Amino acid sequence: MTGRVSFVGAGPGAPDLLTVRAVRVIGEADVVVWARSLVDPAILEHARPGAELVPSDDRTHDDVVAIYARAAEQGLHVARVHSGDPTVYGALHEQLQACRALDLDTEIVPGVSSVSAAAAALGQELTIPDVSQTLIYTRRPTRTSMPANEQLVELARHGTTLVLFLSVRRPRELQADLLEGGYAPETPCAVVYRASWPDELVVRCPLSELAAAIKANKITTQALVLVGPALQESPCAGRSHVYDPGYGHRYRPLGRPDRYKKAAAPDG
Ligand code: SAH
């Protein structure tokens, strides 16, 4: 029997934002390894009775790989539960390599990203036609450095909707980089702390007040910063072409409601 590791996205926090597939895979696992800091223990209710439950936050990569090695030897199924989606800042790459070296089967179960939960908390679309059609996910360097071509100042030059993970610890530098990159001081920003958790906090401000707002609310971790013109709260010009009455397509030919197909529109 071959051992198997499933990397499971637990979503942003609220236990009912787990996917149906995540629930099934957690329920099938012999061992569930989960990070306590950003994953609600309520997800463990889906583990089968007798499953081994291992918190990962006090373990190193090598400790977790030792669990994978045991899975390879004993033909166990491990569910490694990550916050949000495991493919975004999930330390996934090194784990996949380790599993492949151990000849373990692997699978990835996508999760709802914290970005989706933050946008839901804001009640806003992050891509508004004619305002912003591009999302940049990035972070500031900490102990993890940034590739030379991904400096925040350079990314900011595009003026898109920009989402910063793992970047609230040095708010003054964050604000300075965004301004230096060319966002105007009045650019709308939002900081979403623990999106979808009971203690979720949403702070909105112009970029010129971002650092002060992060400090005043004592946000030092577990938050996303969103920047860009799409975050303005007042209505702005942009409107989707796909749903425009003057825009026909395969499922809604112009002027022919009788020909509307029952399926969804092709793009969104
Ligand atoms: N894989 C995760 C990200 C893990 S990195 C995902 O897809 O969302 C951890 C960082 O993600 C945190 O420092 C924070 O910036 C962000 N994050 C994760 N969950 C969050 C939440 N519920 N609310 C706000 N930010 C969150």
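Author: Domain bounds here come from an automatic or database domain assignment, and on that basis the protein chain is divided into domain 1 (4–112) and domain 2 (115–231). This is a predicted model, in which local features need pLDDT of at least 70 and side-chain atom pairs count only at pLDDT 80 or more, while totals for chains, interfaces and linings use all residues. Residues are numbered from 1 along each chain as its sequence is written, and side-chain values use heavy atoms, with hydrogens and water left out.

Reader: What makes Leu92, Gln95, Leu96, Ala98 and Cys99 in helix H3 count as buried?

Author: Buried means under 20% relative accessible area, exposed over 50% and partly exposed in between (1.4 Å probe, protein chains only), and these five residues of H3 (residues 92–101) fall in the buried class. Helices (H or I, at least four residues) and strands (E, at least two) are DSSP runs, numbered from the N terminus.

Reader: What covers the buried residues of H3?

Author: Contact means heavy atoms within 4.5 Å, and the cover includes strand E1 (4–9), helix H2 (61–74), strand E4 (77–82) and strand E5 (105–109). In the contact of the two helices, His61, Val64, Val65 and Tyr68 in H2 meet Glu94, Gln95, Ala98 and Cys99 in H3.
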